[in-house]
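These are my notebook entries on one structure, written down in the order in which I looked things up. I start with charged pairs and then go on to strands, core and overall dimensions.

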Amino acid sequence: QVQLVESGGGLVQAGGSLKLSCAASGRSFSSYTMGWFRQAPGKEREFVATIRGRAGGTYYADSVKGRFTIFRDNAQNTVSLQMNNLKPEDTAVYYCAAGTAYYSSNYRYTSPSVYDYWGQGTQVTVSS
């Protein structure tokens with residue numbers, strides 16, 4: 001069983017920055033693919049970014065590419081999402097997720113269904 005706990009959400013003005021962090025329990029963290037998703041009111045959960053296990057390869061949604069950076073610290077069992085140049089449309093609850101299965105394609109990790117564990121979410125609100 002893996003537990004994920006997100007932190008770092010809050011209220012920020014458009015153009016500002018926030019850093020989200022996710023702390024994971026468990027001894028196999030370095031082998032998990034980690035992802036960030038978000039869900040705005042009335043919308044489906046949306047892929048944001050993913051990072052592979054030991055190799056650390058990353059993949060981003062087009063809507064955040066160039067503004068958000070996902071990175072991990074396997075020694076600390078954490079994955080983070082640095083969000084810069086935030087826009088009102090980035091407002092959502094952000095979720096951290098861990099996937100244990102291996103897929104050769106990064107695109108597979110854009111689907112919530114391939115992740116086995118989820119955090120409780122943290123609210124990000126961007127005011128205009």
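**Entry 1: K65 and its partner.** I looked up K65 and found it partly exposed, with a relative accessible area of 48%; on this scale buried means under 20% relative accessible area, exposed over 50%, and partly exposed in between, with a 1.4 Å probe and protein chains only. The side chain of K65 meets that of D62 in a salt bridge at 3.1 Å, N to O, and D62 itself is exposed at 67%. I take a salt bridge as a side-chain nitrogen of Lys or Arg within 4 Å of a carboxyl oxygen of Asp or Glu.

I note here that the model is predicted, that local features need pLDDT of at least 70 and side-chain atom pairs count only at pLDDT 80 or more, while totals for chains, interfaces and linings use all residues. Residues are numbered from 1 along each chain as its sequence is written, and side-chain values use heavy atoms, with hydrogens and water left out.

**Entry 2: the other charged pairs.** How many salt bridges does a search of the whole structure find? The search returns four. In one of them, D90 and R67 meet through their side chains at 2.8 Å, N to O. D90 sits in the loop between β8 and β9 and R67 in the loop between β6 (58–60) and β7, so this pair ties together parts that are 23 residues apart in sequence. I checked the accessibility of D90 and R67, and both are buried. Through shared partners, salt bridges join R38, E46, R67 and D90 into one network.

**Entry 3: the four-stranded sheet.** I next traced an open sheet of four strands, which has the order β1-β3-β8-β7 with antiparallel pairing. Strands are DSSP runs of E with at least two residues, helices are runs of H or I with at least four, and both are numbered from the N terminus; two strands pair if DSSP finds at least two bridges between them. β1 (4–7) and β7 stand at the edges with a single partner strand each, so one side of each is left without a neighbour in the sheet. Averaged over the sheet and ignoring direction, neighbouring strands are turned by 15° against each other, where axes are lines fitted to C-alpha atoms (for helices over the stretch in contact) and angles run from 0 to 180 degrees between N-to-C directions.

Going strand by strand, I found four bridges between β1 and β3, with L4 having A24 as its bridge partner in β3. β3 and β8 are joined by six bridges, and L18 stands opposite M83 in β8. β7 and β8 are likewise joined by six, and the partner of F71 in β8 is S80.

**Entry 4: β11 and its partners.** β2 (residues 10–13) runs parallel to β11 over four bridges, and Q13 stands opposite S127 there. β9 runs antiparallel to β11 over three bridges, with A92 opposite V124. Which residues of β11 lie on its covered face? They are T122, V124 and V126, whereas Q123, T125 and S127 lie on the uncovered one.

**Entry 5: the nonpolar core.** I define a nonpolar core as a set of buried Ala, Val, Leu, Ile, Met, Phe, Trp, Tyr and Cys residues joined through side-chain atoms within 4.5 Å. The largest one holds 36 residues, of which M34, W36, V79, L81, M83 and Y94 touch the most other members. Elements giving two or more residues to this core include β3 (18–24), β4 (33–39), β8 (78–83) and β9 (92–99), and the largest share, five residues, comes from β9. Leaving out residues up to four places away in sequence, M83 touches G16, S17, L18, L20, R67, F68, Y94 and V124, contact meaning heavy atoms within 4.5 Å.

**Entry 6: the whole chain.** The protein chain has zero helices and eleven strands. Its radius of gyration is 14 Å, close to the 14 Å that the globule rule gives for 128 residues, so the chain is as compact as a globular protein of that length; the radius is taken over C-alpha atoms, and the rule is 2.2 Å times the number of residues to the power 0.38. Along the principal axes, the C-alpha atoms fill a box of roughly 40 × 25 × 25 Å. Buried residues make up 44% of the 128.
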